[in-house]
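Thanks, everyone. Please look at the screen for a moment.

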Amino acid sequence: MINAHGIRKQFHGQNVLSGIDVEVEQGDVLAIIGPSGSGKSTLLRCLNRLEEVDGGWIQIEGDMFVQENDIGEVIYAPKEKSKEIQGRMGMVFQQFNLFPHMTVMGNLLEAPIHVKKQPKEEILPLAEDLLARVGLSDKKDAYPSQLSGGQQQRVAIARALAMQPDIMLFDEPTSALDPELTGEVLHTMRELAEEHMTMVVVTHEMNFAREVANKVLFMADGNVVEAGTPEEIFDHPQRQRTQDFLRNML
Ligand code: ADP
Ligand code: MG
């Protein structure tokens, strides 16, 4: 689903990603963990081209998305193809980023109707089904400001799913929530994983990473320090850096 190799990114001459490899197969849940500032968000944003890379290559479902040629130039798929590839990836952010002037249902319908040009009759049943799945059918006419943070984030997940993505990217989806509200969002994500959605999740929720992910990638200072199964990373971390990080998280 995602095959990325040697991704490099600098900000103001500073290496933020120093050659990262990511491999995600159908149905994988990849958890990306690591200290703040290690480049996790930047990596996620490079994968769907919210951020341009300085080097490396990215294939999405076998299609070349980003490629570095022999002389180090970065070449992207043509504009239309790039858009189409981006559309296969849904993203959920730490700050829910809902449209504040639209109802919950309006938020779900906006992109399918205006970006994908789907007829409303076609998308409405899916949108209603998605709201039911995140437990918010009774909130479809509410505005985001009338919802709790946990509810807003569940709407954001349903909104991303309304575009019928093949891959879901989550950037610390529970970090902005009060502790008592993280559980409902993690529950929704866990259900999505059980339905075999392919997911990449940047998270500080170590229990979620251990229980739901099948692959874990530990990043520090723009590098992948260690990657493996949850058992390998959490129970038998090989690197001192990983051990220190996990000790502080527990
Ligand atoms: P993480 O998500 O792991 O906390 P980030 O990817 O957000 O890390 O940031 C990695 C580094 O890149 C940090 O030092 C951050 O300050 C820097 N950075 C991120 N985005 C930008 C940007 N748009 N401009 C300049 N520096 C940035
Ligand atoms: Mg981040």
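This is a predicted model: local features need pLDDT of at least 70, side-chain atom pairs count only at pLDDT 80 or more; totals for chains, interfaces and linings use all residues.

Is the crossing of α5 and α6 left-handed or right-handed?

Helix packing, then. Two packed helices are described by the angle between their axes and the distance between the axes. I will give both for each pair.

Start with α5 and α6. Helix α6 covers residues 179-194. It packs on α5 at an angle of about 20°, with the axes 8 Å apart. Angles under 35 degrees count as roughly parallel, so α5 is roughly parallel to α6. And the handedness I asked about? The α5 and α6 crossing is right-handed.

Helix α5 runs over residues 149-161. The axes of α3 and α5 come within 8 Å and cross at roughly 25°. That makes α3 roughly parallel to α5. Handedness again: α3 passes α5 in a right-handed crossing.

Next pair, α3 and α4. Helix α3 is residues 104-114, and helix α4 is residues 120-133. Their axes come within 10 Å and cross at roughly 135°. α3 and α4 are therefore oblique to each other. Their crossing is right-handed.

On to the ligand. Which residues are around ligand 1? There is F11, H12 and V16, and then P35, S36, G37, S38, G39, K40, S41 and T42. By class, that shell has three nonpolar, seven polar and one charged residues. Helix α1, residues 40-47, supplies the largest share of the shell, with three residues.

Let me go through some polar contacts. Take G39: a polar backbone atom of this residue is 3.0 Å from an oxygen atom of ligand 1. For K40, the side chain does the work of contact: one of its N or O atoms is 2.7 Å from a ligand 1 oxygen. S41 also uses its side chain, with an N or O atom 2.8 Å from an oxygen of ligand 1.

How much of ligand 1 does the protein cover? On its own, ligand 1 has 560 Å² of accessible area, and the protein covers 58% of that.

That's it from me. Comments, please.

Key
Residues are numbered from 1 along each chain as its sequence is written. Chains are lettered from A and ligands numbered from 1 in the order in which they are written. Side-chain values use heavy atoms; hydrogens and water are left out. A residue is near a molecule or strand if one of its heavy atoms lies within 4 Å of it. A polar contact is a pair of N or O atoms within 3.5 Å; within protein, one must be able to donate a hydrogen and the other to accept it, and residues adjacent in sequence count only if both atoms are side-chain atoms. Accessible areas come from the Shrake-Rupley method with a 1.4 Å probe; for residues, only the protein chains shown count as cover. Helices (H or I, at least four residues) and strands (E, at least two) are DSSP runs, numbered from the N terminus. Ala, Val, Leu, Ile, Met, Phe, Trp, Tyr, Cys and Pro count as nonpolar, Asp, Glu, Lys and Arg as charged, and the others, Gly among them, as polar. Axes are lines fitted to C-alpha atoms, for helices over the stretch in contact, and angles run from 0 to 180 degrees between N-to-C directions. Angles under 35 degrees count as roughly parallel, over 145 as roughly antiparallel, 65 to 115 as roughly perpendicular and the rest as oblique. A crossing is left-handed if the near helix is turned anticlockwise from the far one by less than a right angle, and right-handed if clockwise.
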